[in-house]
Every structure is written in C-alpha cells, then in structure tokens.
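Subject: Structure handover and summary of side-chain contacts

Dear colleague,

Please find below the structure for your files. A written account of the side-chain contacts follows it.

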Amino acid sequence: VQLQASGGGLVQAGGSLRLSCAASGRSFSLYNMGWFRQAPGKEREFVAAISWSGDSIYYADSVKGRFTIARTNAKNTVYLQMNSLKPEDTAVYYCASAGALVRTVVDFTNPTKYSYWGQGTQVTVSS
C-alpha cells in the first residue's frame, strides 16, 4: 500500500484545513486508517483513526470536537477535516494504514501498529 497525503498549508488560528490521504492498491477497504502528527522536537502522536468499515472512530482528546476523520472506500481516500485550528496544531501530519492487528482503542492510537505511512504534509497555524 502506498499512501499520499495532501492538503496541508499555512492558516491563521481559528481557520480550517482538510487533509486527504489517497491510497493505492485494491484492498483499501480492508485497512484501518489513522492520522498522526509530529511537531519539531516532539514524538509522533495520535490524532484520529477510523476502522475499515467506518464504524469505529477515535480522536485524541486535544482534537476532539474540532477534527473529523472520514473515509470514502470507493475513492481509496481518508480525510481529516480540521476546524478551529490552534497554533499548537502545527506539525507534520501523517496518514497510516493498519491491518487486522488493530482491534482495540489502544491499538488504534499506537503508531507501531500501523504498517504503511504516507510522506507527511505540513500544517502551520499562525497566531
């Protein structure tokens, strides 16, 4: 699976961005998908995840109520709608895919459970 993230950019605090992650391959609908981010000098952290069916969705507390993850299996794409952005949301955002090993909420939030990663897209929020 190859993942291509896009949609990052520079936005003022309070603004919105929508990230997209396009996947290659015919098995996209079988993969659980996640978004992670990494700010300079910090570890990669979980942002949001969605199960292969879309029935299970998880968010980090820091983005709950502001970010929305969604997927369109027919287009092999997962999205991250980011509203009410804050300067602390500034980071490189990565999409990742995981197989059947991801089952619990702990699994979904653990980057080591994800097998394939996109190249990342920069999000910068100015104050």
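The notes below cover the disulfide, the salt bridges, one asparagine and the aromatic rings.

Please note that this is a predicted model, in which local features need pLDDT of at least 70 and side-chain atom pairs count only at pLDDT 80 or more, whereas totals for chains, interfaces and linings use all residues. Residues are numbered from 1 along each chain as its sequence is written, and side-chain values use heavy atoms, with hydrogens and water left out.

Disulfide

The structure holds 1 disulfide, a term that stands for a pair of cysteine sulfur atoms within 2.5 Å. The bond is formed by Cys 21 and Cys 95, with their sulfur atoms 2.1 Å apart. The link of Cys 21 and Cys 95 is right-handed, with 65 degrees about the S-S bond. Cys 21 belongs to strand 3 (residues 17–23) and Cys 95 to strand 9 (residues 91–98), so the pair ties together parts that are 74 residues apart in sequence. Strands (E, at least two residues) and helices (H or I, at least four) are DSSP runs, numbered from the N terminus. Cys 21 is buried, at a relative accessible area of 0%, and Cys 95 is buried with a value of 0%. Here buried means under 20% relative accessible area, exposed means over 50%, and partly exposed lies in between (1.4 Å probe, protein chains only).

Salt bridges

The structure holds 4 salt bridges, each being a side-chain nitrogen of Lys or Arg within 4 Å of a carboxyl oxygen of Asp or Glu. One of them joins the side chains of Arg 37 and Asp 89, at 2.9 Å from N to O. This pair links distant parts of the chain, 52 residues apart: Arg 37 is in strand 4 (residues 32–38), and Asp 89 is in the loop between strand 8 (77–82) and strand 9. Arg 37 and Asp 89 are buried.

Asp 89 also meets Arg 66 in a salt bridge, at 2.7 Å from N to O. Here too the pair links distant parts of the chain, 23 residues apart, with Arg 66 in the loop between strand 6 (57–59) and strand 7 (67–72). Both Asp 89 and Arg 66 are buried. Through salt bridges that share partners, Arg 37, Glu 45, Arg 66 and Asp 89 are joined into one network.

Lys 64 forms a salt bridge with Asp 61, and their closest N and O atoms are 3.2 Å apart. Asp 61 is exposed, with a relative accessible area of 66%.

Asn 32

Asn 32 is found in strand 4 and counts as buried at 4% relative accessibility. Its side chain makes polar contacts, that is, pairs of N or O atoms within 3.5 Å; within protein, one atom must be able to donate a hydrogen and the other to accept it, and residues adjacent in sequence count only if both atoms are side-chain atoms. The side chain of Asn 32 reaches the backbone nitrogen of Trp 52 at 2.9 Å and the backbone oxygen of Gly 99 at 3.0 Å. Not counting residues up to four places away in sequence, Asn 32 touches residues including Ile 50, Arg 71, Val 102, Phe 108 and Tyr 114, where contact means heavy atoms within 4.5 Å.

Aromatic rings

A search of the whole structure finds 6 aromatic pairs. Rings of Phe, Tyr and Trp (its six-membered ring) pair if their centres lie within 6.5 Å; planes under 30 degrees apart count as stacked, over 60 as edge-to-face and the rest as tilted. Phe 36 and Tyr 114 form an edge-to-face pair, at 5.0 Å centre to centre and 80 degrees between the planes. Phe 36 lies in strand 4 and Tyr 114 in the loop between helix 1 (105–108) and strand 10 (116–117), so the pair ties together parts that are 78 residues apart in sequence. Phe 36 is buried, with a relative accessible area of 0%, and Tyr 114 is buried at 5%.

Tyr 58 and Phe 108 form a tilted pair, at 4.9 Å centre to centre with 40 degrees between the planes. Tyr 58 is in strand 6 and Phe 108 in helix 1, so this pair ties together parts that are 50 residues apart in sequence. Ring pairs also link Phe 36, Phe 46, Tyr 94, Tyr 114 and Trp 117 into a cluster.

Yours sincerely
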